[in-house]
Amino acid sequence: MSHFCAAAALLGVNMCEGDTAITLMEKNFMNHLVEYGYSFATKEEYDFRLGIYTMKDAEYNQINSDPANTFEVGHNMFSTWTHEEYKRLLGYRGPQEINDTNAFSGEPVSNGVDWRTKGAVNPVQNQGQCGSCWAFSATAAIEGHHFIQTGKLLKLSEQEFVDCDKTSAGCSGGW
C-alpha cells in the first residue's frame, strides 16, 4: 500500500479505488502527512495546511529550477507550518547588549573547500522544539575540526552542551 493510500485510509477515505479524483499536489500532501505523522481535526485545518504546503512547493520548485544553485531544497516537517509557528519554535532571546566585534569584509579568504565531499560533516539533524542551534553549530565545528586533525569523523552530543552550559540559555536560543 502506498503512503498516499495509507494517508487516505487514516482520514477515512478510500482514494485508491473508484472515481474519486484528487490532484497530484494533494496526493503528495497526503504522503507528507503520513511521513511526518500529521493529522488535522477539521476539513478547514486540512485545507489551510494544504494551502501552505502548496505555496512552499511552488517556492521550492522555483528555487530548484535555478541552474545557478548548487543545492536542492525540498519538503520537511515544517512544510505545513506558518512563518509565525516556525519563528515561535526558534525562540531566540539573546543578550540585549552586543559587544564590539570585527565585521566580515566580504573578501573571500580562499577559493573555498566543500567539507561535505571530504567526509568532514555529519548528516543534517533536527533540533526539535529546543532552540539549541548554538549547540548544534558548536558540535559540528568541533566534529569538523577533529576530522581535519585526525581524519576521523566523530558524532558528539549536542545535548551535553545544552545540559552542561549554564550561561547560554539552553533551549532558549543561546548566544
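**Close-up 1. The exposed and buried sides of helix α2.** In this predicted model, Leu-24 and Glu-35 are exposed on one side of α2, whereas Glu-26, Phe-29, Met-30, His-32 and Leu-33 of this helix are buried. An α-helix has 3.6 residues a turn, so residues three or four places apart point the same way. The end C-alpha atoms of α2 lie 18 Å apart, in agreement with the 18 Å that its 13 residues should span at 1.5 Å a residue. Just after the helix, Gly-37 takes a positive phi of about 70°.

**Close-up 2. Helix α3 and the elements that cover its buried residues.** Helix α3 runs over residues 43-64, and at 1.5 Å a residue its 22 residues should span 32 Å, a value with which the 31 Å between its end C-alpha atoms agrees. Its buried residues are Tyr-46, Arg-49, Leu-50, Ile-52, Tyr-53, Lys-56, Asp-57 and Tyr-60. Seen down the axis of α3, these residues fall within an arc of 165°, so they line one face of the helix. On the other side of α3, Glu-44, Met-55 and Gln-62 are exposed. The cover over the buried residues of α3 includes α2, at residues 24-36, and α4, at residues 83-90.

**Close-up 3. The lining of the largest pocket.** The largest pocket has a volume of about 280 Å³, and the residues that line this pocket include Asn-76, Phe-78, Tyr-86, Leu-89 and Leu-90. Helix α4 gives the most to the lining, with three residues, and both α4 and α5, the latter at residues 133-150, supply at least two residues each. Sorted by class, the lining has seven nonpolar and five polar residues, with no charged residues.

Close-up 4. Thr-139 is found in helix α5 and, at 0% relative accessibility, counts as buried. When its neighbours within four places in sequence are left aside, Thr-139 is in contact with Lys-155, Leu-156, Ser-157, Glu-158 and Phe-161.

**Close-up 5. Cys-171 in the segment after helix α6.** Cys-171 is found in the segment that follows α6, a helix at residues 158-164, and with a relative accessible area of 39% this cysteine is partly exposed. Apart from its neighbours within four places in sequence, Cys-171 is in contact with Cys-130, Gly-131 and Val-162. Cys-171 and Gln-127 are 44 residues apart in sequence, while their C-alpha atoms are 9.5 Å apart in space.

**Overview. The protein from which the close-ups are taken.** The secondary structure comes to six helices and zero strands, which follow the pattern α-α-α-α-α-α when read along the sequence. Of the 175 residues in the protein, 26% are buried. Among contacts between residues at least 6 apart in sequence, 55% join residues at least 24 apart.

Definitions and conventions. Residues are numbered from 1 along each chain as its sequence is written. This is a predicted model: local features need pLDDT of at least 70, side-chain atom pairs count only at pLDDT 80 or more; totals for chains, interfaces and linings use all residues. Side-chain values use heavy atoms; hydrogens and water are left out. Helices (H or I, at least four residues) and strands (E, at least two) are DSSP runs, numbered from the N terminus. The expected span of a helix is 1.5 Å times one less than its number of residues. Buried means under 20% relative accessible area, exposed over 50%, partly exposed in between (1.4 Å probe, protein chains only). The arc is that of the directions from the helix axis to the C-beta atoms. Contact means heavy atoms within 4.5 Å. On a 1 Å grid over the protein atoms alone, a cavity is a set of points where a 1.4 Å probe fits but cannot get out, and a pocket is an open set with protein on both sides within 12 Å along at least five of seven lines; lining residues have an atom within 4 Å of a point. Grid points are joined across faces, edges and corners, and a volume is the space filled by probe spheres set on the points. Ala, Val, Leu, Ile, Met, Phe, Trp, Tyr, Cys and Pro count as nonpolar, Asp, Glu, Lys and Arg as charged, and the others, Gly among them, as polar.
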